[in-house]
Amino acid sequence: MANIQFPQDFVWGTATASYQIEGAYQEDGRGLSIWDTFSHTPGNVFNGDTGDVACDSYHRYEEDIALLKRLGVKAYRFSIAWPRIYPQGTGELNEKGLDYYRRVVDALLAAGIEPCVTLYHWDLPQALQDKGGWANRDAIAAFTNYAETVFKAFDGKIKQWITFNETWCVSFLSNYIGAHAPGNRDLQLAVTIAHNCMVAHGEAVKKFRALGIQGEIGTTHNLYWFEPYTTKPEDVAAARRNRAYNNEWFMEPTFKGTYPPFMVDWFRAKGAEVPIEPGDMETIAQPIDFIGVNFYSGGFGRYKKDEGLFDCEEVQVGFDKTFMDWNVYPDGLYKVLSWVKEEYGDVPIYITENGACYDDELTADNRVHDARRADYYKKHFIQCHRLIESGVPLKGYFAWSLLDNFEWAEGYRKRFGIVYTNYETLERHPKDSYYFIQQVIKDNGFEA
Ligand SMILES: OC[C@@H]1[C@@H](O)[C@H](O)[C@@H](O)c2[nH]c(CCc3ccccc3)c[n+]21
(Lines give C-alpha, C1' and ligand atoms only; values in the text may rest on other atoms or scores of the structure.)
Protein backbone atom coordinates (compact mmCIF):
# COMPACT_ATOMS: atom_id res chain seq x y z
CA MET A 1 0.00 0.00 0.00
CA ALA A 2 1.36 3.39 -0.89
CA ASN A 3 2.21 5.60 2.06
CA ILE A 4 1.20 8.62 -0.02
CA GLN A 5 -2.46 8.26 -0.95
CA PHE A 6 -4.46 10.87 -2.91
CA PRO A 7 -8.23 11.53 -2.58
CA GLN A 8 -10.38 9.32 -4.81
CA ASP A 9 -11.67 12.35 -6.77
CA PHE A 10 -8.20 13.85 -7.33
CA VAL A 11 -7.87 14.67 -11.04
CA TRP A 12 -4.67 13.46 -12.71
CA GLY A 13 -4.00 14.91 -16.13
CA THR A 14 -1.44 16.13 -18.60
CA ALA A 15 -1.30 19.40 -20.51
CA THR A 16 -0.39 20.66 -23.98
CA ALA A 17 -1.15 23.73 -26.10
CA SER A 18 -2.28 24.21 -29.70
CA TYR A 19 0.68 26.01 -31.25
CA GLN A 20 3.13 23.72 -29.49
CA ILE A 21 1.76 20.37 -30.73
CA GLU A 22 -0.68 20.74 -33.64
CA GLY A 23 1.37 21.76 -36.68
CA ALA A 24 -0.86 21.87 -39.82
CA TYR A 25 -0.42 25.63 -39.59
CA GLN A 26 -2.15 26.33 -42.92
CA GLU A 27 -4.60 23.45 -42.96
CA ASP A 28 -8.39 23.60 -43.15
CA GLY A 29 -8.59 27.37 -43.22
CA ARG A 30 -6.43 28.13 -40.17
CA GLY A 31 -5.40 31.79 -40.10
CA LEU A 32 -1.91 32.95 -39.10
CA SER A 33 -1.17 33.61 -35.45
CA ILE A 34 1.41 35.92 -33.93
CA TRP A 35 3.51 32.83 -33.23
CA ASP A 36 3.62 31.94 -36.95
CA THR A 37 4.85 35.48 -37.65
CA PHE A 38 7.29 35.48 -34.72
CA SER A 39 8.77 32.03 -35.38
CA HIS A 40 9.10 32.73 -39.12
CA THR A 41 11.09 35.87 -38.33
CA PRO A 42 14.80 34.97 -38.23
CA GLY A 43 16.50 35.36 -34.86
CA ASN A 44 13.44 34.93 -32.65
CA VAL A 45 13.46 31.15 -32.13
CA PHE A 46 16.43 28.84 -31.56
CA ASN A 47 17.60 27.19 -34.77
CA GLY A 48 14.82 28.96 -36.70
CA ASP A 49 12.38 26.33 -35.41
CA THR A 50 8.67 26.96 -36.06
CA GLY A 51 5.35 25.36 -35.17
CA ASP A 52 4.61 24.60 -38.84
CA VAL A 53 4.68 20.83 -38.12
CA ALA A 54 5.44 20.54 -34.37
CA CYS A 55 4.16 17.11 -33.18
CA ASP A 56 1.61 17.01 -36.05
CA SER A 57 -1.09 16.38 -33.47
CA TYR A 58 -3.57 17.88 -35.91
CA HIS A 59 -3.32 14.53 -37.72
CA ARG A 60 -2.03 12.32 -34.87
CA TYR A 61 -4.40 13.30 -32.03
CA GLU A 62 -5.82 9.74 -31.90
CA GLU A 63 -2.33 8.45 -31.13
CA ASP A 64 -1.97 11.12 -28.42
CA ILE A 65 -5.31 10.13 -26.92
CA ALA A 66 -4.28 6.46 -26.92
CA LEU A 67 -1.20 7.51 -24.91
CA LEU A 68 -3.46 9.41 -22.50
CA LYS A 69 -5.73 6.41 -22.09
CA ARG A 70 -2.78 4.09 -21.41
CA LEU A 71 -1.44 6.63 -18.93
CA GLY A 72 -4.76 6.43 -17.07
CA VAL A 73 -5.49 10.17 -16.78
CA LYS A 74 -8.96 11.42 -15.90
CA ALA A 75 -8.49 14.67 -17.83
CA TYR A 76 -6.47 16.23 -20.62
CA ARG A 77 -5.72 19.94 -20.76
CA PHE A 78 -5.20 21.33 -24.26
CA SER A 79 -5.89 24.66 -25.96
CA ILE A 80 -8.08 25.69 -28.86
CA ALA A 81 -6.31 27.72 -31.56
CA TRP A 82 -8.34 30.91 -32.01
CA PRO A 83 -7.00 31.28 -35.62
CA ARG A 84 -8.59 27.93 -36.52
CA ILE A 85 -12.01 29.19 -35.36
CA TYR A 86 -11.81 32.79 -36.57
CA PRO A 87 -8.90 33.01 -39.06
CA GLN A 88 -9.16 36.83 -38.99
CA GLY A 89 -9.86 36.95 -35.26
CA THR A 90 -13.47 38.00 -35.82
CA GLY A 91 -15.93 37.91 -38.73
CA GLU A 92 -16.11 34.70 -40.70
CA LEU A 93 -16.30 31.49 -38.67
CA ASN A 94 -14.20 28.57 -39.95
CA GLU A 95 -16.35 25.46 -39.43
CA LYS A 96 -13.44 23.17 -40.40
CA GLY A 97 -11.54 24.55 -37.44
CA LEU A 98 -14.41 23.71 -35.09
CA ASP A 99 -14.66 20.26 -36.72
CA TYR A 100 -11.07 19.44 -35.73
CA TYR A 101 -11.82 20.13 -32.06
CA ARG A 102 -15.11 18.23 -32.32
CA ARG A 103 -13.06 15.19 -33.43
CA VAL A 104 -10.60 15.66 -30.55
CA VAL A 105 -13.29 16.20 -27.89
CA ASP A 106 -15.41 13.26 -29.09
CA ALA A 107 -12.36 10.98 -29.11
CA LEU A 108 -11.41 12.07 -25.58
CA LEU A 109 -14.94 11.49 -24.27
CA ALA A 110 -15.04 8.08 -26.00
CA ALA A 111 -11.80 7.27 -24.16
CA GLY A 112 -13.35 8.33 -20.83
CA ILE A 113 -11.10 11.40 -20.57
CA GLU A 114 -12.48 14.82 -19.60
CA PRO A 115 -11.35 17.69 -21.87
CA CYS A 116 -10.04 20.73 -19.97
CA VAL A 117 -9.78 23.51 -22.52
CA THR A 118 -7.70 26.66 -22.52
CA LEU A 119 -9.23 29.32 -24.76
CA TYR A 120 -6.04 31.36 -25.15
CA HIS A 121 -2.60 29.83 -24.99
CA TRP A 122 -0.78 32.65 -26.83
CA ASP A 123 -1.70 32.08 -30.49
CA LEU A 124 -3.45 35.39 -31.14
CA PRO A 125 -4.75 35.76 -34.73
CA GLN A 126 -2.20 37.92 -36.58
CA ALA A 127 -5.06 39.92 -38.08
CA LEU A 128 -5.86 41.23 -34.59
CA GLN A 129 -2.19 41.96 -33.88
CA ASP A 130 -2.18 44.04 -37.07
CA LYS A 131 -4.81 46.21 -35.33
CA GLY A 132 -2.82 46.56 -32.10
CA GLY A 133 -3.43 43.15 -30.60
CA TRP A 134 -4.17 43.07 -26.87
CA ALA A 135 -3.17 46.75 -26.57
CA ASN A 136 -6.37 47.54 -28.49
CA ARG A 137 -9.46 47.19 -26.31
CA ASP A 138 -11.35 45.89 -29.39
CA ALA A 139 -9.51 42.60 -28.75
CA ILE A 140 -11.67 42.17 -25.65
CA ALA A 141 -14.88 41.96 -27.70
CA ALA A 142 -13.14 39.76 -30.29
CA PHE A 143 -12.05 37.35 -27.55
CA THR A 144 -15.52 37.31 -25.99
CA ASN A 145 -17.07 36.53 -29.39
CA TYR A 146 -14.59 33.69 -29.95
CA ALA A 147 -15.25 32.38 -26.44
CA GLU A 148 -19.02 32.49 -26.98
CA THR A 149 -18.68 30.49 -30.20
CA VAL A 150 -16.71 27.67 -28.60
CA PHE A 151 -18.78 27.71 -25.38
CA LYS A 152 -21.90 27.08 -27.48
CA ALA A 153 -20.24 24.56 -29.80
CA PHE A 154 -19.02 22.38 -26.91
CA ASP A 155 -21.60 23.04 -24.18
CA GLY A 156 -22.12 19.78 -22.29
CA LYS A 157 -18.98 18.16 -23.76
CA ILE A 158 -16.25 20.43 -22.41
CA LYS A 159 -16.96 21.04 -18.74
CA GLN A 160 -13.75 22.66 -17.58
CA TRP A 161 -12.74 25.93 -19.22
CA ILE A 162 -9.65 28.09 -18.71
CA THR A 163 -9.85 31.58 -20.22
CA PHE A 164 -6.14 32.54 -20.41
CA ASN A 165 -2.88 30.73 -19.97
CA GLU A 166 -0.45 32.92 -18.02
CA THR A 167 -1.35 36.56 -18.62
CA TRP A 168 2.12 37.42 -17.27
CA CYS A 169 3.63 35.71 -20.33
CA VAL A 170 1.12 37.32 -22.70
CA SER A 171 1.97 40.76 -21.30
CA PHE A 172 5.41 41.10 -19.65
CA LEU A 173 7.32 38.17 -21.18
CA SER A 174 6.03 39.05 -24.67
CA ASN A 175 5.85 42.84 -24.59
CA TYR A 176 8.35 44.04 -21.97
CA ILE A 177 11.03 41.35 -21.88
CA GLY A 178 10.24 40.66 -25.53
CA ALA A 179 11.28 36.98 -25.52
CA HIS A 180 7.92 35.75 -26.87
CA ALA A 181 5.55 36.85 -29.65
CA PRO A 182 5.06 39.60 -30.70
CA GLY A 183 8.41 40.58 -29.14
CA ASN A 184 7.87 44.17 -27.98
CA ARG A 185 9.94 45.82 -25.23
CA ASP A 186 7.74 48.49 -23.69
CA LEU A 187 6.65 48.53 -20.05
CA GLN A 188 3.56 50.68 -20.60
CA LEU A 189 2.48 48.39 -23.43
CA ALA A 190 2.92 45.34 -21.19
CA VAL A 191 0.92 46.89 -18.33
CA THR A 192 -1.86 47.85 -20.76
CA ILE A 193 -1.92 44.37 -22.28
CA ALA A 194 -2.00 42.66 -18.89
CA HIS A 195 -4.99 44.81 -17.96
CA ASN A 196 -6.89 44.26 -21.21
CA CYS A 197 -6.31 40.50 -21.04
CA MET A 198 -7.70 40.40 -17.52
CA VAL A 199 -10.74 42.40 -18.63
CA ALA A 200 -11.17 39.95 -21.52
CA HIS A 201 -10.99 37.09 -19.02
CA GLY A 202 -13.77 38.71 -16.98
CA GLU A 203 -15.96 39.35 -20.03
CA ALA A 204 -15.63 35.71 -21.06
CA VAL A 205 -16.64 34.58 -17.56
CA LYS A 206 -19.69 36.89 -17.72
CA LYS A 207 -20.61 35.43 -21.11
CA PHE A 208 -20.18 31.87 -19.77
CA ARG A 209 -22.58 32.64 -16.91
CA ALA A 210 -25.09 34.48 -19.13
CA LEU A 211 -25.25 31.56 -21.57
CA GLY A 212 -25.73 29.07 -18.73
CA ILE A 213 -22.91 26.89 -20.04
CA GLN A 214 -22.47 23.64 -18.10
CA GLY A 215 -19.31 23.07 -16.07
CA GLU A 216 -16.69 25.29 -14.51
CA ILE A 217 -14.61 28.22 -15.63
CA GLY A 218 -11.36 29.64 -14.29
CA THR A 219 -8.08 31.04 -15.43
CA THR A 220 -4.43 30.01 -15.16
CA HIS A 221 -1.60 32.13 -13.79
CA ASN A 222 2.05 31.13 -13.54
CA LEU A 223 2.97 31.65 -9.90
CA TYR A 224 6.59 31.83 -8.82
CA TRP A 225 7.72 31.50 -5.22
CA PHE A 226 10.35 34.11 -4.41
CA GLU A 227 11.64 34.92 -0.95
CA PRO A 228 14.06 37.48 0.51
CA TYR A 229 17.57 36.12 1.05
CA THR A 230 17.81 38.00 4.35
CA THR A 231 15.33 39.72 6.70
CA LYS A 232 16.82 43.10 5.84
CA PRO A 233 13.87 45.41 4.95
CA GLU A 234 15.34 46.29 1.55
CA ASP A 235 15.72 42.61 0.68
CA VAL A 236 12.18 41.85 1.87
CA ALA A 237 10.79 44.72 -0.23
CA ALA A 238 12.81 43.78 -3.32
CA ALA A 239 11.79 40.12 -3.19
CA ARG A 240 8.15 41.11 -2.65
CA ARG A 241 8.19 43.27 -5.79
CA ASN A 242 9.75 40.49 -7.81
CA ARG A 243 7.18 37.95 -6.59
CA ALA A 244 4.30 40.37 -7.13
CA TYR A 245 5.39 40.81 -10.75
CA ASN A 246 4.28 37.21 -11.41
CA ASN A 247 1.77 36.72 -8.61
CA GLU A 248 -0.06 39.59 -6.92
CA TRP A 249 -0.23 41.74 -10.05
CA PHE A 250 -2.64 39.13 -11.48
CA MET A 251 -4.13 37.46 -8.42
CA GLU A 252 -5.19 40.67 -6.62
CA PRO A 253 -7.33 41.95 -9.55
CA THR A 254 -8.73 38.45 -10.19
CA PHE A 255 -9.83 37.87 -6.59
CA LYS A 256 -10.01 41.32 -4.98
CA GLY A 257 -10.69 43.64 -7.92
CA THR A 258 -7.67 45.85 -7.16
CA TYR A 259 -4.04 46.13 -8.19
CA PRO A 260 -1.49 46.01 -5.37
CA PRO A 261 -0.81 49.70 -4.55
CA PHE A 262 2.93 49.18 -3.92
CA MET A 263 3.27 47.81 -7.46
CA VAL A 264 1.07 50.52 -9.02
CA ASP A 265 3.42 53.08 -7.45
CA TRP A 266 6.49 51.18 -8.64
CA PHE A 267 5.25 50.96 -12.23
CA ARG A 268 4.15 54.62 -12.11
CA ALA A 269 7.70 55.60 -11.11
CA LYS A 270 8.86 53.64 -14.17
CA GLY A 271 6.45 55.57 -16.40
CA ALA A 272 3.67 52.99 -16.72
CA GLU A 273 0.02 53.59 -15.72
CA VAL A 274 -2.80 51.04 -15.69
CA PRO A 275 -5.47 52.15 -18.20
CA ILE A 276 -8.46 51.30 -15.99
CA GLU A 277 -11.85 52.19 -17.41
CA PRO A 278 -15.11 52.33 -15.39
CA GLY A 279 -16.31 48.81 -14.59
CA ASP A 280 -13.03 47.10 -15.54
CA MET A 281 -12.07 45.98 -12.04
CA GLU A 282 -15.53 44.53 -11.34
CA THR A 283 -15.34 42.68 -14.67
CA ILE A 284 -11.88 41.27 -13.89
CA ALA A 285 -13.02 40.08 -10.46
CA GLN A 286 -15.96 38.07 -11.79
CA PRO A 287 -16.24 35.05 -9.47
CA ILE A 288 -14.53 31.97 -10.92
CA ASP A 289 -14.96 28.30 -10.07
CA PHE A 290 -11.27 27.45 -9.75
CA ILE A 291 -7.82 28.94 -10.20
CA GLY A 292 -5.29 27.19 -12.40
CA VAL A 293 -1.72 27.51 -11.19
CA ASN A 294 1.32 26.75 -13.33
CA PHE A 295 4.27 26.15 -11.03
CA TYR A 296 7.80 25.36 -12.10
CA SER A 297 10.26 27.04 -9.81
CA GLY A 298 11.15 29.70 -7.27
CA GLY A 299 14.13 31.26 -5.60
CA PHE A 300 15.64 33.88 -3.33
CA GLY A 301 16.41 37.53 -3.98
CA ARG A 302 17.96 40.57 -2.44
CA TYR A 303 18.01 44.30 -3.03
CA LYS A 304 20.42 45.53 -5.67
CA LYS A 305 19.97 49.09 -6.94
CA ASP A 306 19.07 49.32 -10.62
CA GLU A 307 19.08 45.55 -11.03
CA GLY A 308 16.25 44.60 -13.40
CA LEU A 309 12.81 46.13 -13.15
CA PHE A 310 12.56 45.82 -9.35
CA ASP A 311 16.07 46.56 -7.96
CA CYS A 312 16.22 42.87 -7.11
CA GLU A 313 18.84 40.27 -7.91
CA GLU A 314 18.40 36.53 -7.60
CA VAL A 315 20.73 34.82 -5.13
CA GLN A 316 22.00 31.36 -6.05
CA VAL A 317 21.60 29.14 -2.99
CA GLY A 318 22.59 25.79 -4.48
CA PHE A 319 19.34 24.40 -5.91
CA ASP A 320 19.60 21.65 -8.48
CA LYS A 321 18.72 23.12 -11.88
CA THR A 322 16.70 21.79 -14.79
CA PHE A 323 17.86 22.11 -18.40
CA MET A 324 16.04 25.46 -18.49
CA ASP A 325 18.37 26.56 -15.68
CA TRP A 326 15.32 26.77 -13.38
CA ASN A 327 15.71 25.91 -9.68
CA VAL A 328 14.19 22.59 -8.62
CA TYR A 329 12.26 23.90 -5.60
CA PRO A 330 9.40 21.56 -4.60
CA ASP A 331 8.92 23.35 -1.29
CA GLY A 332 8.14 26.40 -3.37
CA LEU A 333 5.02 24.63 -4.61
CA TYR A 334 3.90 24.04 -1.04
CA LYS A 335 4.64 27.65 -0.10
CA VAL A 336 2.98 29.28 -3.09
CA LEU A 337 -0.26 27.29 -2.90
CA SER A 338 -0.40 27.79 0.87
CA TRP A 339 -0.03 31.50 0.09
CA VAL A 340 -2.92 31.32 -2.42
CA LYS A 341 -5.21 29.82 0.23
CA GLU A 342 -4.05 32.30 2.86
CA GLU A 343 -4.47 35.33 0.59
CA TYR A 344 -7.45 34.37 -1.55
CA GLY A 345 -9.43 31.88 0.48
CA ASP A 346 -10.73 28.42 -0.35
CA VAL A 347 -10.94 28.80 -4.10
CA PRO A 348 -10.46 25.33 -5.65
CA ILE A 349 -6.97 25.00 -7.15
CA TYR A 350 -5.76 22.91 -10.07
CA ILE A 351 -2.07 22.69 -10.83
CA THR A 352 -2.55 23.19 -14.56
CA GLU A 353 1.16 22.82 -15.31
CA ASN A 354 4.19 21.43 -13.52
CA GLY A 355 7.10 19.59 -15.05
CA ALA A 356 10.76 19.69 -15.97
CA CYS A 357 13.04 19.97 -18.95
CA TYR A 358 16.09 17.76 -19.23
CA ASP A 359 18.31 16.82 -22.15
CA ASP A 360 16.76 13.46 -22.92
CA GLU A 361 18.56 10.75 -24.87
CA LEU A 362 16.59 8.21 -26.89
CA THR A 363 18.18 4.73 -26.57
CA ALA A 364 18.55 2.29 -29.45
CA ASP A 365 15.42 0.50 -28.21
CA ASN A 366 13.43 3.76 -28.09
CA ARG A 367 13.53 4.25 -24.33
CA VAL A 368 14.35 7.44 -22.38
CA HIS A 369 15.70 6.87 -18.90
CA ASP A 370 14.71 10.29 -17.53
CA ALA A 371 15.25 9.54 -13.86
CA ARG A 372 15.70 13.25 -13.05
CA ARG A 373 12.28 14.09 -14.49
CA ALA A 374 10.61 11.21 -12.63
CA ASP A 375 12.32 12.44 -9.46
CA TYR A 376 11.12 16.02 -10.13
CA TYR A 377 7.57 14.74 -10.41
CA LYS A 378 7.84 12.57 -7.32
CA LYS A 379 9.15 15.48 -5.25
CA HIS A 380 6.30 17.73 -6.42
CA PHE A 381 3.66 15.01 -5.91
CA ILE A 382 4.84 14.77 -2.29
CA GLN A 383 4.17 18.51 -1.94
CA CYS A 384 0.73 18.12 -3.54
CA HIS A 385 -0.12 15.50 -0.94
CA ARG A 386 1.27 17.74 1.83
CA LEU A 387 -0.94 20.58 0.59
CA ILE A 388 -4.07 18.43 0.59
CA GLU A 389 -3.25 17.18 4.07
CA SER A 390 -2.86 20.80 5.22
CA GLY A 391 -6.35 21.67 3.97
CA VAL A 392 -5.47 23.47 0.73
CA PRO A 393 -8.30 22.74 -1.77
CA LEU A 394 -6.00 21.21 -4.41
CA LYS A 395 -8.32 19.33 -6.79
CA GLY A 396 -6.04 18.13 -9.53
CA TYR A 397 -2.69 18.11 -11.26
CA PHE A 398 -1.74 18.35 -14.94
CA ALA A 399 1.81 17.37 -15.87
CA TRP A 400 3.52 19.59 -18.40
CA SER A 401 3.73 18.01 -20.84
CA LEU A 402 2.31 14.90 -22.46
CA LEU A 403 4.70 15.27 -25.41
CA ASP A 404 7.99 16.95 -26.14
CA ASN A 405 6.81 19.90 -28.20
CA PHE A 406 7.62 23.37 -29.56
CA GLU A 407 9.11 25.13 -26.53
CA TRP A 408 8.52 28.67 -27.78
CA ALA A 409 11.73 30.68 -28.23
CA GLU A 410 13.74 27.54 -27.35
CA GLY A 411 12.28 25.68 -30.29
CA TYR A 412 12.63 21.88 -30.12
CA ARG A 413 15.85 21.68 -28.18
CA LYS A 414 14.06 21.84 -24.81
CA ARG A 415 12.05 18.72 -23.96
CA PHE A 416 9.37 18.75 -21.21
CA GLY A 417 7.43 15.69 -22.32
CA ILE A 418 6.81 12.47 -20.44
CA VAL A 419 6.64 11.09 -23.98
CA TYR A 420 9.60 11.59 -26.32
CA THR A 421 8.77 13.09 -29.69
CA ASN A 422 11.05 12.02 -32.54
CA TYR A 423 10.79 15.10 -34.74
CA GLU A 424 12.17 13.27 -37.80
CA THR A 425 9.61 10.45 -37.73
CA LEU A 426 6.98 12.09 -35.46
CA GLU A 427 6.92 8.81 -33.50
CA ARG A 428 6.02 9.04 -29.84
CA HIS A 429 8.03 7.04 -27.26
CA PRO A 430 6.94 7.01 -23.58
CA LYS A 431 9.80 7.90 -21.24
CA ASP A 432 10.44 6.28 -17.86
CA SER A 433 8.66 9.27 -16.27
CA TYR A 434 5.51 8.26 -18.20
CA TYR A 435 5.61 4.82 -16.61
CA PHE A 436 6.26 6.34 -13.18
CA ILE A 437 3.21 8.60 -13.47
CA GLN A 438 1.16 5.75 -14.92
CA GLN A 439 1.85 3.74 -11.74
CA VAL A 440 1.08 6.71 -9.47
CA ILE A 441 -2.28 7.18 -11.21
CA LYS A 442 -3.04 3.46 -11.06
CA ASP A 443 -2.33 3.35 -7.32
CA ASN A 444 -3.52 6.92 -6.78
CA GLY A 445 -0.42 7.26 -4.65
CA PHE A 446 3.10 5.95 -4.16
CA GLU A 447 5.81 5.08 -1.68
CA ALA A 448 7.58 8.36 -0.89
O1 LIG B 1 8.24 26.37 -20.49
C2 LIG B 1 7.45 25.24 -20.26
C3 LIG B 1 5.98 25.64 -20.30
C4 LIG B 1 5.50 26.08 -21.69
O5 LIG B 1 5.81 25.10 -22.66
C6 LIG B 1 3.98 26.34 -21.61
O7 LIG B 1 3.40 26.61 -22.88
C8 LIG B 1 3.71 27.53 -20.70
O9 LIG B 1 2.36 27.54 -20.24
C10 LIG B 1 4.68 27.58 -19.55
N11 LIG B 1 4.71 28.51 -18.59
C12 LIG B 1 5.81 28.28 -17.84
C13 LIG B 1 6.25 29.15 -16.71
C14 LIG B 1 6.34 30.63 -17.23
C15 LIG B 1 7.39 30.74 -18.29
C16 LIG B 1 7.08 30.37 -19.61
C17 LIG B 1 8.04 30.48 -20.61
C18 LIG B 1 9.30 30.98 -20.31
C19 LIG B 1 9.59 31.36 -19.00
C20 LIG B 1 8.63 31.21 -17.99
C21 LIG B 1 6.45 27.19 -18.34
N22 LIG B 1 5.72 26.76 -19.38
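A polar side-chain atom of asparagine 165 is placed 3.0 Å from an oxygen atom of the ligand, a polar contact being a pair of N or O atoms within 3.5 Å. The protein covers 89% of the 460 Å² of accessible area that the ligand has on its own, where accessible areas come from the Shrake-Rupley method with a 1.4 Å probe. Histidine 121 likewise has a polar side-chain atom 2.9 Å from an oxygen atom of the ligand, and for glutamine 20 an N or O atom of the side chain lies 2.7 Å from a ligand oxygen atom.

This is a predicted model, in which local features need pLDDT of at least 70 and side-chain atom pairs count only at pLDDT 80 or more, while totals for chains, interfaces and linings use all residues. Residues are numbered from 1 along each chain as its sequence is written, and side-chain values use heavy atoms, with hydrogens and water left out.

## The shell and the pocket

The ligand is surrounded by 17 residues, of which the closest are Gln20, Glu166, Glu353, Glu407 and Trp408; a residue is near a molecule if one of its heavy atoms lies within 4 Å of it. By class, this shell has eight nonpolar, six polar and three charged residues, with Ala, Val, Leu, Ile, Met, Phe, Trp, Tyr, Cys and Pro counted as nonpolar, Asp, Glu, Lys and Arg as charged, and the others, Gly among them, as polar.

The ligand takes up the space of the largest pocket. On a 1 Å grid over the protein atoms alone, a pocket is an open set of points where a 1.4 Å probe fits, with protein on both sides within 12 Å along at least five of seven lines, and lining residues have an atom within 4 Å of a point; a molecule sits in a pocket if more than half of its atoms lie within 2 Å of its grid points.

## Annotated positions

An unreviewed UniProt entry gives "binding site" for Gln20, His121, Asn165, Tyr296, Trp400, Glu407 and Trp408, although such annotations may be inferred rather than shown by experiment. The lining of the largest pocket includes Gln20, His121, Asn165, Tyr296, Trp400, Glu407 and Trp408.

Under "active site", the unreviewed UniProt entry lists Glu166 and Glu353. Glutamate 166 lies in the loop between strand 5 (160–165) and helix 8 (167–175), helices (H or I, at least four residues) and strands (E, at least two) being DSSP runs numbered from the N terminus.

## Backbone geometry

Most peptide bonds are trans.

Key
Polar contact = N/O pair within 3.5 Å; in protein donor to acceptor, adjacent residues only side chain to side chain.
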